[in-house]
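Thanks for coming. I will walk through one structure this morning, and I will keep to what can be read from the coordinates and the record.

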Amino acid sequence: MNNLILNSSTVGVVISILGYEIGLFLKSKYKNALLNPLLISIAFVMIFILIFHIDYDSYNESAKYLSYLLTPATVCLAIPLYQQLELLKQNFLAVFAGIIAGVLTSLGSVFILSMIFQLSHEEYVTLLPKSITTAIGMGISEELGGIVNITVAVIIITGVLGNVMAESICKLFKIKTAIAKGVAIGSSAHAVGTAKAMEMGEIEGAMSSLAIVVSGLCTTIGASVFANLR
Amino acid sequence: MKYLRQFGIILAVTCIGELFKYFIELPIPSSIYGLVLMLTLLKTGLIKVERVKDTGVFLIDIMPLMFIPAGVGLLLSWKQLKNMLLPVCVITIITTILVMIVSGKVTDYMIKRRKPNE
């Protein structure tokens with residue numbers, strides 16, 4: 001089975017799309033926030049490759065083409081942002097205040113919780129960049145002496161969690177405007193969350209895209225300050 | 001041909017983003033340089049939005065799928081992760097929810113303060 005998969009240049013992509021389709025079907029059928037297509041497709045592929053004893057590398061041999069598209073897709077986030085530029089100008093201060101508040105909350109809460117759990121410095125700086133986009137987060141973790149693999153894992157878990165919970169949190173805590181929803185999602189759950197914000201609406205998507213960039217850059221500076229605290 | 005040309009433009013901008021990344025020694029990924037560059041090109045009118053829009057919207061539309069391989073990759077870091085599973089889970093859940101609430105609420109508050117009569 002492993003060899004068969006290894007010799008195919010499409011099977012990883014096909015399994016991933018199949019998982020996503022199953023997720024979309026379940027979501028439309030049961031309308032439960034936990035039935036998130038991304039979450040279901042990840043679980044589906046995990047179960048699939050575990051059952052058939054397929055190595056992750058064999059799966060990724062073809063699935064990597066999906067990841068390949070991530071950089072150009074992120075560049076394309078400039079398009080909805082461009083279309084909402086006027087709205088951004090009008091709400092410049094509110095948007096930036098929201099993002100900065102998010103960055104400080106992320107760093108601050110990791111700091112306080114690390115104290116409570118008595119994590120080592122290494123573990124603490126591993127978690128510091130958890131809310132921002134993977135590539136920046138990896139760089140920060142490496143620079144501060146964290147465990148990069150765990151940083152990546154935590155960033156992905158954060159994104160998926162944000163993607164799953166975004167709609168419920170906005171509803172439950174009465175985050176009203178589309179702008180605020182976008183800022184909230186992008187600041188807390190980077191690009192994975194932004195995928196959900198895009199589904200919610202154009203303004204949400206655009207603000208979420210902006211929040212990825214700004215919070216990523218601010219965290220680069222903020223994390224180096226917070227790293228000295230513990 | 002339309003889609004291919006649009007994809008070509010998007011990849012070209014991405015590629016210049018990669019050059020930035022190569023020459024500037026900061027922990028900033030090429031995608032962020034590319035995003036800012038694309039926004040600048042659109043804003044200055046050097047690229048008309050119609051020239052990238054269709055393919056761009058398609059790529060954004062299928063973006064969730066692009067996170068599946070990385071998500072499945074969690075299987076590989078499981079061994080390292082399980083040593084600090086409890087703190088990681090608690091911290092991840094609390095922080096993610098907290099950041100979402102605070103940044104959303106602050107933005108909402110600031111927007112409301114600016115237009116108090118709405």
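By class, how many nonpolar, polar and charged residues does the lining of the largest pocket have? This is a predicted model, so please keep that in mind throughout. The count is 18 nonpolar residues, 13 polar ones and three charged ones.

Let me stay with that pocket. Its volume is about 780 Å³. The lining comes to 34 residues. Nearest the centre of the pocket are A:L70, A:T134, A:A135, A:M138 and A:V152.

Is B:S31 buried or exposed? It is buried, because its relative accessibility is 10% and the cut-off for buried is under 20%. Setting aside neighbours within four places in sequence, B:S31 is in contact with A:T71, A:T74 and A:V75.

Now the record. For chain B, an unreviewed UniProt entry gives "transmembrane region" for residues 7-24, 30-46, 58-78 and 84-104. I looked at two of these spans in the model. Residues 30-46 of chain B are 88% helix and 0% strand, with 20 Å between the end C-alpha atoms. Residues 58-78 of chain B are 86% helix and 0% strand, and there the end C-alpha atoms are 33 Å apart.

Residues 65-82 of chain A are 89% helix and 0% strand, and 27 Å separates the end C-alpha atoms. For residues 94-117 of chain A the figures are 96% helix, 0% strand and 34 Å from end to end, C-alpha to C-alpha.

Next, how chain A is divided. There is a domain 1, residues 1-54, and a domain 2, residues 76-228. Their C-alpha centres lie 26 Å apart. Between them, eight residues of domain 1 are in contact with seven residues of domain 2.

Why does A:K31 count as exposed? Because its relative accessible area is 69%, and exposed means over 50%. A:K31 and A:S168 are 137 residues apart in sequence, yet their C-alpha atoms are 12 Å apart in space.

Then A:H121, which is placed in helix α9 of chain A, residues 121-127. With a relative accessible area of 39%, A:H121 is partly exposed. Not counting residues up to four places away in sequence, A:H121 touches A:L144, A:A227 and A:R230. A:I185 is 64 residues from A:H121 along the chain, and the two C-alpha atoms are separated by 28 Å.

That is the end of my part.

Terms used: Residues numbered from 1 in each chain as written. Chains lettered and ligands numbered in written order. Predicted model: local features only at pLDDT ≥ 70, side-chain atom pairs only at ≥ 80, totals over all residues. Heavy atoms only, no water. 1 Å grid on protein atoms, 1.4 Å probe; cavity = no way out; pocket = protein on both sides within 12 Å on 5 of 7 lines; lining within 4 Å. Points joined across faces, edges and corners; volume = space filled by probe spheres on them. Nonpolar A, V, L, I, M, F, W, Y, C, P; charged D, E, K, R; others polar. Buried < 20%, exposed > 50% of the residue type's maximum accessible area, 1.4 Å probe, protein only. Helix = DSSP H or I, 4+ residues; strand = E, 2+ residues; numbered from the N terminus. Domains from an automatic or database assignment. Contact = heavy atoms within 4.5 Å. UniProt positions renumbered as here; feature names shortened; annotations may be inferred.
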